[in-house]
Amino acid sequence: MQTRQLGSLWPVSALTLGGGGLGQLWGETSREEAVATARAAVEGGITLLDMAPGYGRGEAEQVIGAAFDGALPDGVRVTTKCQLGSPPADKIAAELERKLVRSLETMKVERADIYFLHSNICPDDYEYARNAETQHRWATRFSLYTDHVIPAMEALKEKGLIGAWGITGTGLPRAVMDALRHEVKPDAVQAVANLMDSAGDMRSYEEPAEPRNIIRTAKNNDVGVLGIRAVQAGALTAAIDRALPADNANVADYKKAEPFRALCAELGEDPAVVAHRYALGMEGVDSVILGVKNRDELAMLLRAEERGPLEDDVRAKVDALRLNFQIPRIPLEEISLEDLTR
């Protein structure tokens, strides 16, 4: 498998194994099949395992513990995450460490190679359009991030509990980009990388989404980029494999993506394969995180990676479809020269 440099960290495989599928967020699987899938991913050349306690209430991390019993193969690295929110400032360091230690124990490893702040980062006075009444649980105010999260992350590095730290870039775009430009930068960011530029039901703000600007800002500041939601939670697959409410944002994206599925049918290709090859070819994306839940899905995407990014003519056809998705974009006149060069 191709390897790529992850920011200023180390080379990683072009594909990363995500924990969502192993934790049964993307449809049902068994513990035995998930364990076999994790082992097969490593055998297939994947060198980064992206986990979180929220993937199946610890299930994904238990899978890693069961698959490798504390002895990750040479060259294989693991991540985990913390959904912090905005707790009292004096509780932040202890909370980050408490949740980290629990994840390490579950995975049977001594440290995480990257520890991600999985909260939405937002300005101190910002109120989200969706779920504002609970945002203190899942959104971290910017002053808490700069004054308390960053020092706590650096302290965890000094303790040897983590090798690096990062952020999830699905919060308010301007706040995420401010974090990427901050004096003390994260080592990596997880950014939406799909042809719809959509985070689906992960998005709680009403301003235009800017995943490609987030990726560009990361690369301009030597921050590694892990691409997430290559198939947008199933919206860019042949069929969503779990029950969702009719008004769910992912269902809306699935309906919107019908022209994409029609194009894939003309090409004789599986939509998931095309979507992942598209993400692999997105400028600035170092590794694409997979949401597979079994060995069949994994094998299909390992073969897709072997083929490489989409051919130029196919990519042009896919990009032409983006106009149909009606993705909000910032008018060019509202983008400053300083933004374009940072």
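# Reading a predicted barrel, feature by feature

Q: Where does Arg57 sit, and what is its phi?
A: Start with the elements: helices (H or I, at least four residues) and strands (E, at least two) are DSSP runs, numbered from the N terminus. Arg57 belongs to the loop between β4 and α3. Its phi is near 50°, a positive value in a residue other than glycine.

Q: What about the strands: how do I read the barrel?
A: Strands count as paired if DSSP finds at least two bridges between them. Here, eight strands make a closed barrel with parallel pairing, in the order β3-β4-β5-β6-β9-β10-β11-β12. From one strand to the next, the twist averages 30°; axes are lines fitted to C-alpha atoms, for helices over the stretch in contact, and angles run from 0 to 180 degrees between N-to-C directions.

Q: Which strands does β3 pair with?
A: β3 pairs in the parallel sense with β12 over three bridges, and with strand β4 (residues 48–50) over two bridges, also parallel. For landmarks, Leu15 has Val288 of β12 as its bridge partner, and Gly18 stands opposite Asp50 in β4.

Q: Which way do the residues of β3 point?
A: In strand β3 (residues 15–18), Leu15 and Leu17 point one way and Thr16 and Gly18 the other, and all are buried.

Q: How many residues of β10 are buried?
A: In strand β10 (residues 188–192), five of the five residues are buried, so the strand is largely enclosed by the rest of the structure. Ala188, Gln190 and Val192 point one way, with Val189 and Ala191 pointing the other way. Three bridges join β10 to strand β9 (residues 165–168), and the two run parallel; Thr168 has Gln190 as its bridge partner in β10.

Q: What should I know about reading a helix?
A: An α-helix has 3.6 residues a turn, so residues three or four places apart point the same way. Now look at helix α3 (residues 59–68), which is mostly covered, with eight of its 10 residues buried. Among them are Ala60, Val63, Ile64, Ala67 and Phe68. The buried residues of α3 pack against α1, α2 (31–43), β4, β5 and α4, where contact means heavy atoms within 4.5 Å. After α3 comes Asp69, with a positive phi near 50°.

Q: Where does helix α4 lie?
A: Helix α4 (residues 92–107) lies across β5 (77–82) and β6 (114–117), and runs at about 140° to β5.

Q: How many disulfides are there?
A: A disulfide is a pair of cysteine sulfur atoms within 2.5 Å. By that rule the count is zero. For Cys82, the nearest cysteine sulfur is that of Cys122, 16 Å away. Cys82 is buried, with a relative accessible area of 1%.

Q: What is the volume of the largest pocket, and which residues lie nearest its centre?
A: On a 1 Å grid over the protein atoms alone, a pocket is an open set of points where a 1.4 Å probe fits, with protein on both sides within 12 Å along at least five of seven lines; lining residues have an atom within 4 Å of a point. Grid points are joined across faces, edges and corners, and a volume is the space filled by probe spheres set on the points. The largest pocket has a volume of about 1,100 Å³. Its lining has 46 residues, with Leu25, Trp26, Met202, Arg229 and Ala233 nearest the centre. α12 gives the most to this lining, with three residues.

How values were computed. Residues numbered from 1 in each chain as written. Predicted model: local features only at pLDDT ≥ 70, side-chain atom pairs only at ≥ 80, totals over all residues. Heavy atoms only, no water. Buried < 20%, exposed > 50% of the residue type's maximum accessible area, 1.4 Å probe, protein only.
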